[in-house]
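This report looks at a ligand site and at charged side-chain pairs. Please keep the sequence and the structure in view while reading.

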Amino acid sequence: MIDVVNICKKFGNKVAVDNLSFSVAKGEVLGFLGPNGAGKSTTMRMVTGYLPPTSGTASIGGADIVENEIAAKSKMGYLPENAPLYTEMTVRDFLRFSAELRGVPKSQVAGAVDKAVETCFLERVYNQSIDTLSKGYRHRTCLAQSIIHDPEVLILDEPTDGLDPNQKHEVRQLIKRMGKEKAIIFSTHILEEVEASCTRAIIIDRGRVIADGTPDSLKARARHAGTVLCRLSGLAGSGIRHELEKIAGVEQVEVVEESDKGLSAHVFAAKARRADLSGAIFGLAKEKNLVLHELHTEDGRLDDLFREITKRDVES
Amino acid sequence: MFETFVSFLIPALVVAAIFVVLLLFVAPRELRTICFRELRSYFFSPIAYVCVVIFLIISNVITFWFGGALERGEAELYGSYFQYIPWYLIVIAPAVGMRLWSEEHRLGTIELLLTMPIAPWHAILGKFLAASVVIFAMLVLSFPVVITMNYLGDPDNGVILAGFTACLLTGLCFLAVTSVISAVTRSQVVALLVSIVLCLALWLGGLNPLVELLDTMRGPGLVFWPAVKLLSSISVMPHFNELAKGVLGFRDIVFFASFIAFCLFTTAMVIRLKRA
Ligand SMILES: Nc1ncnc2c1ncn2[C@@H]1O[C@H](COP(=O)(O)OP(=O)(O)OP(=O)(O)O)[C@@H](O)[C@H]1O
Ligand SMILES: [Mg+2]
């Protein structure tokens, strides 16, 4: 549904987006990650037709966003960064206005507005003027605007920004639910969100893709993925560390906390030995009469991967 | 009284009715939606009221106190009324139009508007029409002047109508200039000031004594002479004067229409360039 091919954007000499290509099919939810200034919003602005690309093309449902602008735009809903709104309007008027501009047939406008209000929990502020709304409600109003015509493609720039934890949860569920029959791209800085609602994630940095895959495959690339975290007591920390290092296949013991009563550490092992690593640690505890407080195999965390790959880039 | 009604208010109502019919039944839905939204926001913001009230006060004060409409004893409005109106419009039209695009830039809503499935000219024309309605309403609301004149004497109401038409078209030209400037900046104040200066230049360019004065001062160093020449050739003033005196010239109408069309086209170009 969304096809982006070799898209570039330069602001003067500065390259904001550098030869980005990706595509999103119906039923896919693509999480767009990256540090501040990576080019996420710029990419979305090009895909939605707000900014013309310097080179490359983007198309929505087969319609090119530059050549066949109106056809492409009518297939999509867009929530811009910072949720801009006409502040002097009421929520109701604003949603009616958006529905009309987005091409909802006259007879269905009222129904579409009601549905969007219900989906985004706006009943309480329905007749309130937008400039008196709190930030979260403004954001939800702008989100409602983007889904009002039930588009095939949704592009959401930080949809959960400024929402309370309950609303964040609701919006994630909403994205996940809608993702079943739409193609969705959303950007976020909250990595749990990616795990909660995405089928795929792209991490970009300085306008280039630096990681692309399902949330699980990305997590598996994190440094701690497959290591065992254990917390043991009953011996001095350094002694326990020494014992851990003696286990067959252990490559490294990374101490999280160490005292004269015990320690907690990440244990790294060669790939082939990972399956029985926790068993071996349990055996060690039994044999040396140590108390085992915690023992689990890490899946890896997106946070860690994100930090590793974007930090390395800063250093280089 | 009845005659005034027939000769001034009826044509005004007819124009308004044609406008409403065109907007409701002929204009594309997107254009209508944008125009109505803009009108609503004029309706709810003080700026339109302030402009209308100031315009009415100033135009009446000048006409009756300084213009000496009552002492003149002639039943015509050009000398005492219409010839001053463009001067107020130089300030009022930019004040009405300054928010058209600068507000969109400031709020960031331009990103919403331009990613809607609409052609840009729907937005540009819709907004321009909404601001035009304010100017139109302002001129229609000055009908008491016409009634007074009819009460005092027996003016040629056809000429008065031509005067109002000239004022309206001049106001629309200034509004079109403001539309271009407001697309450039996100600050309403900057849009207002720059537009006033441009409208003033556009108006003064038609003031022949001034142009001749500049011509006599012209030395080799006067680099802006071409600009003066240009301004005097596209000035609204001569066309306004012809029309306001009751001469309905085809060339004048064509001038106004093409001037407005050119400015709206430039607005589209500016919006396009700002994005890239
Ligand atoms: N209109 C503009 N003119 C010049 N530079 C710009 C413009 N818009 C964006 N940039 C630059 O392009 C780069 C990418 O910005 P962008 O807003 O896409 O980042 P982002 O990934 O959305 O960041 P954030 O997480 O902070 O929202 C930044 O370095 C920014 O300074
Ligand atoms: Mg951003």
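Which residue has a polar side-chain atom that lies 2.6 Å from an oxygen atom of ligand 1? In this predicted model, that residue is Glu81(A).

## Surroundings of ligand 1

The shell around ligand 1 consists of 14 residues, and the closest of them are Gly37(A), Lys40(A), Ser41(A), Thr42(A) and Glu81(A). Sorted by class, this shell holds four nonpolar, six polar and four charged residues. The elements β2 (14–24) and α1 (40–47) of chain A each contribute at least two residues to the shell, and α1(A), with three residues, provides the largest share.

Besides Glu81(A), whose polar side-chain atom is 2.6 Å from a ligand oxygen, two further side chains can be named. An N or O atom in the side chain of Thr42(A) is 2.6 Å from an oxygen atom of ligand 1, while for Asn36(A) the corresponding distance is 2.9 Å. Of the 640 Å² of accessible area that ligand 1 has on its own, the protein covers 66%.

## From the ligand to a salt bridge

Glu81(A) also forms a salt bridge with Arg45(A), in which the closest N and O atoms are 3.9 Å apart. This pair links distant parts of the chain, since Arg45(A) belongs to helix α1 of chain A whereas Glu81(A) sits in the loop between β6 (76–79) and α3 (91–101), 36 residues apart. Arg45(A) is partly exposed, with a relative accessible area of 21%, and Glu81(A) likewise counts as partly exposed, at 25% relative accessibility.

## Other salt bridges

Side chains of opposite charge can pair when their charged atoms come close. Over all chains, the count comes to 22 salt bridges. One of them joins Arg200(A) and Glu28(A), with 3.2 Å from N to O; Arg200(A) is in strand β9 (residues 200–205) and Glu28(A) in the loop between β2 and β3 (29–33) of chain A, so that the pair links parts of the chain 172 residues apart. Arg200(A) counts as buried, because its relative accessibility of 15% falls under the 20% limit.

Lys182(A) and Asp150(A) meet in another salt bridge, at 2.5 Å from N to O. Because Lys182(A) lies in the loop between α6 (165–178) and β8 (183–187) and Asp150(A) in the loop between α5 (135–147) and β7 (153–157), the pair ties together parts that are 32 residues apart in sequence. Lys182(A) is buried, at 5% relative accessibility, whereas Asp150(A) is exposed, at 52%.

A network of salt bridges links Glu88(A) with Arg37(B), Glu38(B), Arg99(B), Glu104(B) and Lys127(B).

Definitions and conventions
Residues numbered from 1 in each chain as written. Chains lettered and ligands numbered in written order. Predicted model: local features only at pLDDT ≥ 70, side-chain atom pairs only at ≥ 80, totals over all residues. Heavy atoms only, no water. Near = heavy atom within 4 Å. Polar contact = N/O pair within 3.5 Å; in protein donor to acceptor, adjacent residues only side chain to side chain. Areas by Shrake-Rupley, 256 points an atom, 1.4 Å probe, with all protein chains shown as cover. Helix = DSSP H or I, 4+ residues; strand = E, 2+ residues; numbered from the N terminus. Nonpolar A, V, L, I, M, F, W, Y, C, P; charged D, E, K, R; others polar. Salt bridge = Lys/Arg side-chain N within 4 Å of Asp/Glu carboxyl O. Buried < 20%, exposed > 50% of the residue type's maximum accessible area, 1.4 Å probe, protein only.
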